[in-house]
Amino acid sequence: MDFTIGAEHEGKTVLCYLKNTVKISSGAISRLKRTDMGITVNNSHVTVRYILKLGDVLSIRIDDTKEDASENIIPADIPVDIVYEDEHILVANKPPFMPTHPSHKHFSDTLGNAIAHIYLERGLPFVFRPLGRLDANTSGLVLMSKSRAAASFYFSEAQKDRITKHYIAILDGEMDLPTFDVDGKIHTVNKAIKREGGSIITRTVSSDDDALPAKTLFRLIYSGCGISIVDASPITGRTHQLRVHFSSIGFPIVNDCFYGNNKSESDRHLLHAIALHLNAPFSEKKMLLYADPPADILDFVRRKTGMELKDIIDGYDFSQNLSEL
C-alpha cells in the first residue's frame with residue numbers, strides 16, 4: 001500500500017502520518033515494525049521516526065500471510081453477491097437465512113465460509129474481519145476488512161460515528177400518520193437494552209443500571225394495509241437493537257419470532273440492511289453502497305399492498321444520514 005506525500009504532510013514523522021492521517025492503530029503499526037520491509041520510503045526501509053519529505057512514497061506491507069489465516073473457517077462454495085471490493089475492503093449482500101459467523105451449529109453455511117471459498121480460489125490467505133454482524137435472518141450489506149490496517153481504520157471510523165447503515169424494516173401495524181407522518185420527520189427510539197432474564201439470546205428494553213444505551217433513528221416511508229415501512233438507522237449497535245426497539249413502541253418487525261406476533265406471514269423477520277455510507281479506505285472520499293431487498297420482502301409487500309416496493313420507495317433518498325438531518 002503506497003502513499004505519495006503532499007505538501008500538507010511534509011515534515012511529519014512516519015508514525016504521525018500513519019496514526020493521524022492513515023488512521024492505523026498502534027497495534028497495527030507495531031506489527032508493521034516487526035515485518036520485514038514492513039515500512040519503506042522510496043523502496044528503502046525506514047523507522048517510524050523518519051521525517052517525511054514532499055514527494056516521498058511511503059509504503060506499508062499489509063497483506064495477510066498464511067500464519068494469519070482463519071484456519072477454523074472451512075471454505076464452502078456458496079453463491080454470495082459481492083456489492084463492492086477494492087484492495088482494502090469487501091462488501092457483500094448477505095442473503096437471508098445465512099449466519100454471518102461460523103458457530104457450533106453452523107460449520108459450513110455462513111458468510112465467512114462463502115468468502116473463505118472466494119479467497120481459496122484466488123490462492124490467498126483468508127482472515128475474516130466483518131465490521132459487526134447481521135442476524136442470520138436479516139439480509140443485506142456486511143462490510144469486511146481485508147487487512148489489519150483496514151480493520152483498524154474502520155474501527156476508528158465506527159467509533160467516531162462515521163459509518164452509517166440504513167435498514168428497511170417492514171413493521172406489523174399501521175403507524176398513525178398524524179403522529180409519525182411521511183413528510184420527512186425523523187423519529188427517535190432512545191431506550192437502553194439488556195439481556196432478557198437468563199437468556200443468552202433475547203434482549204429487552206430496560207432502565208436497570210446494567211442496561212446498555214441504545215439509540216435508533218427512523219423515518220416512516222409508508223403506512224397502510226396493516227403494515228408500515230420505515231428507513232431505520234441504528235446509532236448504537238446493540239444485539240437485536242432494531243427488533244427490540246420497534247417491538248417496544250408497539251410496531252414489531254413482521255414475523256419476528258422473538259419480539260413480534262409471529263403470524264407466519266413470512267419465513268423470517270423482514271429486515272434488510274439496504275444502504276451503507278462510509279469513507280473510502282484511508283481517505284475522506286464518501287461512498288454510498290446499496291443492496292436491493294430480496295424477493296421475500298418484495299413478494300410480501302406486493303401481497304399486502306398490491307404495490308411494488310420499488311414504487312413505494314421511488315424517490316426516497318437513502319443517501320441521507322438521518323443523524324445529520
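**View 1. Contacts of Gln 241.** Leaving aside residues up to four places away in sequence, Gln 241 touches Ile 193, Ala 214, Lys 215, Thr 216, Pro 234, Ile 235 and Thr 236 (contact: heavy atoms within 4.5 Å). The model is predicted, so local features require pLDDT of at least 70 and side-chain atom pairs pLDDT 80 or more, whereas totals for chains, interfaces and linings use all residues. Numbering runs from 1 along each chain as its sequence is written, and side-chain values use heavy atoms, without hydrogens and water.

**View 2. Setting of Gln 241.** Gln 241 belongs to helix H6, residues 241–248 (a DSSP run of H or I, at least four residues, numbered from the N terminus). Gln 241 counts as buried because its relative accessibility is 3% (buried: under 20% relative accessible area, 1.4 Å probe, protein chains only). Between the C-alpha atoms of Gln 241 and Thr 204 lie 9.1 Å, with 37 residues of separation in sequence.

**View 3. The largest pocket.** Its volume is about 1800 Å³ (the space filled by probe spheres set on grid points joined across faces, edges and corners). A pocket is an open set of points on a 1 Å grid over the protein atoms alone, where a 1.4 Å probe fits, with protein on both sides within 12 Å along at least five of seven lines; lining residues have an atom within 4 Å of a point. The lining comprises 47 residues, with Gly 132, Arg 133, Leu 134, Asp 135 and Thr 239 nearest the centre.

**View 4. The second largest pocket.** This pocket holds about 410 Å³ of space. Of its 17 lining residues, Ile 62, Asp 63, Asp 64, Thr 65 and Lys 146 are closest to the centre.

Notes
Helices (H or I, at least four residues) and strands (E, at least two) are DSSP runs, numbered from the N terminus. Buried means under 20% relative accessible area, exposed over 50%, partly exposed in between (1.4 Å probe, protein chains only).
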